[in-house]
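Here is a short briefing on one protein chain. Keep the sequence and the 3D view side by side as you read.

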Amino acid sequence: MIYREAGQFKTSYQADNQIFPIRQDRLALTGTLLAAVFLLPYFSSPYLLSAIMIPFLIFALAALGLNILTGYAGQLSLGTAAFMAVGAFASYNFMARLPGLPLLVSFILGGLCAATVGIAFGLPSLRIRGFYLAASTLATQFFVVWCLTKIPYLTNYSSSGVITVQKMSILGYQFDTPQSKYLLVLAIVAGMALLAKNMIRSNVGRSWMAVRDMDMAAEVIGFRLMRTKLLAFAVSSFYCGVAGALYAYAYLGTVEPEAYNLDLSFRILFMIIIGGVGSILGSFLGAAFIVLLPVFLNTIAHGLALPTSVASNLELMVFGALIIFFLIVEPHGLARLWQIAKEKLRLWPFPH
């Protein structure tokens, strides 16, 4: 049978050869989700769930938010931790000021507050770009942290600034074990990742990529730059705000300004650089790499009996070397390497 697309003829074998990898990816994704839901929570230790899997999912969600803004819309940002802080503190204050408010509703409201802040600080993107825009978003980081430390109302008039968050409860069920917290975070992250994937495939995602590739040409063909850029800032900040709320409630157990410092913003930026800019899969791969690398380096340091100062400096050196490596050798990160490996495995051992 012959197919005709864009003036070219294509055989059924060629069409099936393109459809088959998509089916393989869907089967692999389904198998991974089933294993994450039904096997991992019940056959893993509490340490693995609390110290590795939960922060991995939360950082993957934050990296996904930054990837929407930087990878798909082309707007560089260094204030990711600030938007996470807005989401965390807003969710806490909504829960504290409005008794009986559902937990998920407070997370959504925290994300909307972060989206509002993102729109406000995204206005300079209409006039500046590149490193100048990065400096503008860097100012967001310092301004938000300053507000959280100087306005007592935001920290519920706490003298120390460190506040224990409320218990996580949905419909009377308490999420107080590592397994229950992991399943809640997994459900939220999986749902928002699926939403982001569909959003990127829609007209909204195509408008973001058009502005990223050449904003002047996108404006000429009819895309509205102001609405497109601000929408990218809003969606990205919403994702980061929800990630910040999960970071406070499911991982830290407290809300404190120091937890959302500039170092966290750079760590999330490193995640999308190493994982792959403009890739949803790259957000998860980069988060997994950044979370697991310190554990791996600490294991090596303890095995070699290295001093603590040497081990910490070794971690920084490895991070810097990996960023330089990926920027030079493979700018598209681990996601591109994974794609190349899959293509080679489909042809192996008969490359013809």
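Which residue's side chain meets that of R212 in a salt bridge? The partner is D213, at 3.2 Å from N to O. This is a predicted model. The structure holds two salt bridges.

**Salt bridges**
- D213 is exposed, because its relative accessibility of 57% is over the 50% cut-off.
- R212 has a relative accessible area of 32%, so this residue counts as partly exposed.
- The other pair is D215 with K229, whose side chains meet at 3.9 Å, N to O.
- D215 belongs to helix α9 (residues 215-220) and K229 to helix α10 (residues 225-252), so this bridge ties together parts 14 residues apart in sequence.
- Both D215 and K229 are buried.

**The chain as a whole**
- The chain has 352 residues, and 43% of them count as buried.
- Its secondary structure comprises 14 helices and six strands.
- Take the contacts in the chain with a separation of 6 or more: 74% of them join residues 24 or more positions apart.
- The accessible surface is about 18800 Å². Carbon and sulfur atoms account for 68% of that surface.

**Where α7 meets α8**
- Helix α7 spans residues 178-201, and helix α8 spans residues 203-213.
- Their axes come within 4 Å and cross at roughly 70 degrees.
- That angle falls in the 65 to 115 degree range, so α7 is roughly perpendicular to α8.
- From α7, the contact uses M199, I200 and R201.
- From α8, the contact uses N203, V204, G205, R206, W208 and M209.
- By type, the residues of this contact are five nonpolar, two polar and two charged.

- V291 sits in helix α12 (residues 280-304).
- Is V291 buried or exposed? V291 is buried, because its relative accessible area of 11% is under the 20% cut-off.
- Leaving out residues up to four places away in sequence, V291 touches I52, P55, F56 and F59.
- M53 lies 238 residues from V291 along the chain, yet the C-alpha atoms of the two are separated by 8.9 Å.

Methods:
Residues are numbered from 1 along each chain as its sequence is written. This is a predicted model: local features need pLDDT of at least 70, side-chain atom pairs count only at pLDDT 80 or more; totals for chains, interfaces and linings use all residues. Side-chain values use heavy atoms; hydrogens and water are left out. A salt bridge is a side-chain nitrogen of Lys or Arg within 4 Å of a carboxyl oxygen of Asp or Glu. Buried means under 20% relative accessible area, exposed over 50%, partly exposed in between (1.4 Å probe, protein chains only). Helices (H or I, at least four residues) and strands (E, at least two) are DSSP runs, numbered from the N terminus. Contact means heavy atoms within 4.5 Å. Accessible areas come from the Shrake-Rupley method with a 1.4 Å probe; for residues, only the protein chains shown count as cover. Axes are lines fitted to C-alpha atoms, for helices over the stretch in contact, and angles run from 0 to 180 degrees between N-to-C directions. Angles under 35 degrees count as roughly parallel, over 145 as roughly antiparallel, 65 to 115 as roughly perpendicular and the rest as oblique. Ala, Val, Leu, Ile, Met, Phe, Trp, Tyr, Cys and Pro count as nonpolar, Asp, Glu, Lys and Arg as charged, and the others, Gly among them, as polar.
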